[in-house]
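Please look over the sequence and the model before reading on.

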Amino acid sequence: MNQKERMLAGLPYRAWLDGLSEERMACKRLIHEFNRLPPDEEDRAEELLKKLLGKMGRDAWINAPFHCDYGYNIEVGDNFFANYGLTILDVGKVVIGDNAQIAPNVSIYTAGHPVHPDSRNSGYEYGIPVTIGDNVWIGGNVVILPGVAIGDSAVIGAGSVVTKDVPPWTIAAGNPCRVIRKITEEDRKYYFRDQVFDVEDYT
């Protein structure tokens, strides 16, 4: 098993061997172009995102600036939207479902290093996959750590550090992120806290 195969299998690997440095450089070139495009060149931006990502659903979009390691380990579903400043360390697989929304300055980390300094100084690192379900909303400045799964229709509050799985249909927030409550049918009529929709076509 070479180092890329070890990386993709979630095993300890060394990131400068077996073509991984060259793959990261190729990704950086595409990211460099994407992040410096004029704002009206949306067609070219979409082309670059399709080259970068392993899978890009219909009507998916990421606002620049965007950063990732490889790109091909990232899959996003239909109607995915990420705002400015998304960083994904995609050493491991990152799979994001349909209708997911990501606020500014969110970081998703699959990459990690051993805790013991001797092990860490050996140069070995690892990547553990992250999964984000359908209809998930991730607030601004959230950090998602390796191995986390966020269930369908969950909401992650701004500034959270997500260290463990989040169940579907829950609101979770904090550092470390914890479930605050379930999302219920009663929530449907509110657009912000206790503010009720004043229109009829929101469902």
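Two strands count as paired if DSSP finds at least two bridges between them. In this predicted model, 5 strands form an open sheet with parallel pairing, in the order S2-S5-S8-S13-S16.

**Sheet**
- Strand S2 (55-56) and strand S16 (149-150) are the edges, and each has a single partner strand, so one side of each lacks a neighbour in the sheet.
- Strand S8 (residues 94-96) pairs with strand S13 (residues 130-132) in the parallel sense, over 3 bridges.
- Val-95 has Thr-131 of S13 as its bridge partner.

**Thr-110**
- Thr-110 sits in the loop between strand S10 (107-109) and strand S11 (111-112).
- Thr-110 counts as buried because its relative accessibility is 0%.
- A polar atom of the Thr-110 side chain lies 2.7 Å from the backbone nitrogen of Gly-92.
- Residues touched by Thr-110 include Val-94, Tyr-126, Val-130 and Pro-146.

**Largest pocket**
- The volume of the largest pocket is about 1,200 Å³.
- It is lined by 31 residues, of which Trp-137, Val-155, Ile-183, Asp-187 and Tyr-190 are the closest to its centre.
- S21 gives the largest share of this lining, 3 residues.
- The lining of the largest pocket has 16 nonpolar, 10 polar and 5 charged residues.

**Second largest pocket**
- The second largest pocket holds about 180 Å³ of space.
- Among its 13 lining residues, Pro-38, Pro-39, Ala-45, Trp-61 and Ala-64 are the closest to the centre.
- Helix H2 (20-35), helix H3 (42-52) and strand S3 (61-62) each supply at least two residues of this lining.
- By class, the lining of the second largest pocket has 9 nonpolar, 2 polar and 2 charged residues.

Technical notes
Residues are numbered from 1 along each chain as its sequence is written. This is a predicted model: local features need pLDDT of at least 70, side-chain atom pairs count only at pLDDT 80 or more; totals for chains, interfaces and linings use all residues. Side-chain values use heavy atoms; hydrogens and water are left out. Helices (H or I, at least four residues) and strands (E, at least two) are DSSP runs, numbered from the N terminus. Buried means under 20% relative accessible area, exposed over 50%, partly exposed in between (1.4 Å probe, protein chains only). A polar contact is a pair of N or O atoms within 3.5 Å; within protein, one must be able to donate a hydrogen and the other to accept it, and residues adjacent in sequence count only if both atoms are side-chain atoms. Contact means heavy atoms within 4.5 Å. On a 1 Å grid over the protein atoms alone, a cavity is a set of points where a 1.4 Å probe fits but cannot get out, and a pocket is an open set with protein on both sides within 12 Å along at least five of seven lines; lining residues have an atom within 4 Å of a point. Grid points are joined across faces, edges and corners, and a volume is the space filled by probe spheres set on the points. Ala, Val, Leu, Ile, Met, Phe, Trp, Tyr, Cys and Pro count as nonpolar, Asp, Glu, Lys and Arg as charged, and the others, Gly among them, as polar. Lists of a residue's contacts leave out its neighbours within four places in sequence.
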